Amino acid sequence: MYRRLSAVLFPLTALLLIGALVWGYQENQEKNAVLLKAENQYQRSFHDLSYHMERLHGELGNVLAVSSTSDGMHRKFLTNVWRLTSEAQNEINQLPLTLLPFSKTEEFLSKISSFSYKAAVRDYTDKPLTDGEMKNLTALYKSSGEISKDLQEVQNKVISNHLRWMDVESALATEKKAEDNTIIDGFKTVDKRVSAYPELDWGPSVASVYDKRSVKKLDGPPVSVDDIRRKALKYADAGSGAKVQVTENGKGTEWPTYTATVSGAKETISMDFTTRGGLLISYNNNREIGAPRVSMDDAAAKAGEFLKRKGYSDMTPVSADRYGNMANFTFVTKQDGVLIYPEKITVRSGLDTGDTTGFQSSDYVNEHQEKRKIAKPKMSLAEARKKLNPDLKELYNRPALIENDDGEQVLTYEFGGRINGSKYRIYLNADSGMEEAVEEIRTASGAQQQL
């Protein structure tokens, strides 16, 4: 009996053991293949990064080498600088540097990219490269050369010592021997060098992209928790019997605010206020929204009345989006017939009753001015219209103050129209007739419309 059982079990056990060994070998091979693929990807991205930084240094040198009147060559080389910095940023994103402090270098490359792009696409007839910009390019040429040299030193060590990027990933993930890793040390050296560079005057077109708005910049005295409690009750219209809970957010940080939650008999409303001046920057009514019964026009009218009751006068709706039983409206200030787009408030309404359920007013709070000085346009509406594509079927026009790509607030003529089967808003500079912005009005997800 034992022999019979052994004769059956022994081959079966051996077969299972062999199968397990084969399966383990295949799993190990597949794991190694994945690791090898990842390592090859990291190595390729790193060597491409080193190559593109060297090319970037060369292209910046080309810009400085040509005559100051060589607008065409400046445009060509600056376009190459923009392309190469974009390539370098993409390669950095493909490396396992998430846990490694490398933000200064990434921000530096981002600023070079923005600076070179905006300098390359502008009209050199009106805005040639200034002495300050040439000075910036000289500094960038020197800096990019130093960064390229540092990366090449790391590259040489990677090649000569057969270093692996998978070891970098493991060191960063486990925090073991991270300080002794040659590649990590090399990238820390680069970022430390970049952080020591003096800040350049990038100009308003680039600075506006990196200028972080902060409620600390707002005028007004600090407000107390009791002040916020009184303001919250007033805005919520919940009556004196409602409960109010106030929480201070981000104390001592760049974005300190108060959040007030008002609990009434039927609904709960939460609001955010600035710590200076106690200005309302968001409002949210958490009521449940029923089936839609109100038109978009009626809801927009109710939203306008709501804003007026809350102290936001002279607001005009400029666009609307519908999402199921909800509607979002964009309101801007209107002064002397001119729409002030930087002073924007976004309102959310329920289409069951048309009542407002929330709004966001941080743009308005940061940009609002009691009385703006708006210069008269140098071009007439008829003159500006001649600058439009003749195939555009104009639906409306109106004067509008917008913020352009250079971070400047400019007076424009806003034209809405149809062309190529789509709707567009085109903003022409009211002094020169140049296009400041072009926006396609999309209706795929939620029936956006101009109001």
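**Labels and their cut-offs**

Modeller: Phe 359 counts as buried at 3% relative accessibility, because buried means under 20% relative accessible area, exposed over 50% and partly exposed in between (1.4 Å probe, protein chains only). This is a predicted model: local features need pLDDT of at least 70, side-chain atom pairs need 80 or more, and totals for chains, interfaces and linings use all residues. Residues are numbered from 1 along each chain as its sequence is written, and side-chain values use heavy atoms, without hydrogens and water.

Biologist: What makes Phe 306 buried or exposed?

Modeller: Its relative accessible area is 6%, so Phe 306 is buried.

Biologist: Why is the pair of Tyr 235 and Phe 273 called tilted?

Modeller: Ring centres of Phe, Tyr and Trp (its six-membered ring) must lie within 6.5 Å to pair; planes under 30 degrees apart are stacked, over 60 edge-to-face, the rest tilted. The centres of Tyr 235 and Phe 273 are 6.0 Å apart and the planes are at 50°, so this pair is tilted. Tyr 235 and Phe 273 are both buried.

Biologist: What is the geometry of Phe 306 and Phe 359?

Modeller: Phe 306 and Phe 359 are edge-to-face, with 6.0 Å centre to centre and 65° between the planes.

Biologist: Which aromatic cluster holds Phe 306 and Phe 359?

Modeller: The cluster is formed by Tyr 283, Phe 306, Tyr 312, Phe 359 and Tyr 364. The structure holds 8 aromatic pairs.
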